Amino acid sequence: MNGALKILLDIFRQPSVIVALISFIGLALQRKPATDILKGTIRTFVGFLVLAAGAGVVSNALNPFGDMFQHAFHVQGVVPNNEAIVGTVLVKYGSIAALIFFFGMIVNILLSATSYFKYVYLSGHVAFYMATMITVIFVAAGFPTWQTLLFGSIAQGLVVTISPAIVQPFMKNVTGSDDVALGHTGGAGIALGGLVATLTRSKKHPSKSTEEINVPKNLSFLRDTTVIIALSMAVIYIIVAIFAGAPYIESELSDGQNFIVYSVLQAATFSAGVFIILAGVRVVLGEIVPAFKGISEHLVKNAKPALDVPVTFTFAPNAVLIGFLSSFVGGIVGMVIMAVSGSTVIIPGVVAHFMTGGATGVIGNGAGGRRGATIGAFVNGLAITFLPLFLLPVLGEVGTGSATYSDADFGVAGIFLGYLNKAGGQVAIIAGLAVVLVLLYVASYFLTKRAKTAAALSEQAGAAVEA
């Protein structure tokens, strides 16, 4: 049993494997030639590996920046880092978390097939992280194992179905279509940023797009995304490095390399990682969206793939950098407020601010231009700073460590389930899940009805034009 479970976990924790399988199934259902199926499957698989490699490069370049920042400004506290806390949880609850993750995927597909919200969540790694948090909360609530698996899987399925749904109105605005969705545990914060960006819009003083930044002719090289990211990050790295001091960097981080040279190389590596991500995204989108038509036609009608945050980056690369920096500033502001108030301090998680802040920048730009990108991402930065603070008390023993979950969906789902437990125990959690399930189908009914009415009116208008 454990061997089979490990194999399944190894397969489904890898988003590259999941999307490759989805691509294979979709193309096969369309009865494409064997050569096209093989080509599409391999290109999707390799494209996602390219994307993941780019994300790894970015993460590795940002980690020393986080260390420098903490040392430079003498900050101590809890760091939002999914990988760190998930590693701790897996030691105790690995098998339960794996089963909740697997059955939660099945619940996601069932909800997609039977409701208006037809989003198949393909970001397996962050979905697995969510399963570990849900496991912790259900175990802390005292559920027996079989109930933890049952109700935990329902909770998991609800989260990964609702999260893409709340971001989709903003995604449609950015992508110009309804073919692809966002599947990431930062969904709630990104949607909040999109909403705030929408509220910043002004008819009298519209904000231009981040992609329309005017650059003088003699600085035209700055129109290149790779160049502007490398230069901007180099300035930021060097400033923080100066505050951190050469002795610390050269003894602890750079292995003796000059601290300025090291900082510039890390900034350039960061830019290279973004370049790789953008290349991978283009390949994945080019293959997975057409392949998904087979899934949509045969398994889950009108299904949409919910993909990781980098899928947004190609639509507004400048907004990614603006969103990251604005979100990080929001994290710093939140950290200062906590320090002044005497509460536990949540240190900005640099990778979380880049991934979710960058996506919020793109979403915010689509909703409200540069102003929307900046303010929306700043709000996301505040959200992913304060939500982990309120999440800590409901994580039991896991909440007493030096790391916690980083993204907004962890905060929203964890706080909802955890404080239900504090208020009314297991009965309150089960009742809360039942209410969310009912609300999902009520919303589905009205949205389906509205879509049918809109389609009918459009059809009538088309007939009138032809007449």
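Helix H6 takes a bend of about 50 degrees at Gln 168, with a proline, Pro 169, following within four residues. The bend here is the angle between two axes, one fitted to the seven residues ending at a residue and the other to the seven starting there. Helices (H or I, at least four residues) and strands (E, at least two) are DSSP runs, numbered from the N terminus. All of this comes from a predicted model, in which local features need pLDDT of at least 70 and side-chain atom pairs count only at pLDDT 80 or more, while totals for chains, interfaces and linings use all residues. Residues are numbered from 1 along each chain as its sequence is written, and side-chain values use heavy atoms, with hydrogens and water left out.

On confidence, pLDDT is the predictor's own score for each residue, from 0 to 100. The protein chain averages 86, and 92% of the residues score at least 70. Helix H1 (residues 2–12) is where confidence is lowest, at a mean of 66, whereas H7 has the highest, at 95. Where pLDDT is low, the predicted coordinates should not be read in detail.

Back to the helices. H6 covers residues 145–175, 31 residues in all, and its first and last C-alpha lie 42 Å apart, close to the 45 Å expected at 1.5 Å a residue. That expected span is 1.5 Å times one less than the number of residues. Just after H6 comes Gly 176, with a positive phi of about 80 degrees. For helix H11 (residues 317–341), 25 residues should span 36 Å at 1.5 Å a residue, and the end C-alpha atoms are 37 Å apart, which agrees. Gly 342 follows H11, and its phi is positive too, near 85 degrees.

Next, the sheet. Three strands form an open sheet in the order S2-S4-S3, with parallel pairing. Strands S2 (119–121) and S3 stand at the edges with a single partner strand each, so one side of each has no neighbour in the sheet. Two strands pair if DSSP finds at least two bridges between them. S2 is joined to S4 (residues 304–307) by three bridges, and Tyr 119 sits opposite Lys 304. Two bridges link S3 to S4, with Leu 182 opposite Leu 307. S4 is covered on both faces: Lys 304 and Ala 306 on one side, and Pro 305 and Leu 307 on the other, are all buried (buried is under 20% relative accessible area, exposed over 50%, partly exposed in between, with a 1.4 Å probe and protein chains only).

His 184 lies in the loop between S3 (181–182) and helix H7 (187–199). At 6% relative accessibility, His 184 is buried. Its side chain reaches the backbone nitrogen of Gly 186 at 2.8 Å. Beyond neighbours within four places in sequence, His 184 is in contact (heavy atoms within 4.5 Å) with residues including Tyr 121, Asp 308, Asp 407 and Asp 409.

Within H7 itself sits Ala 191, buried at 9% relative accessibility. Not counting residues up to four places away in sequence, Ala 191 touches Ile 166, Val 167 and Phe 170. Ala 191 and Gly 376 are 185 residues apart in sequence, yet 9.1 Å apart in space, C-alpha to C-alpha.

Technical notes
Polar contact = N/O pair within 3.5 Å; in protein donor to acceptor, adjacent residues only side chain to side chain.
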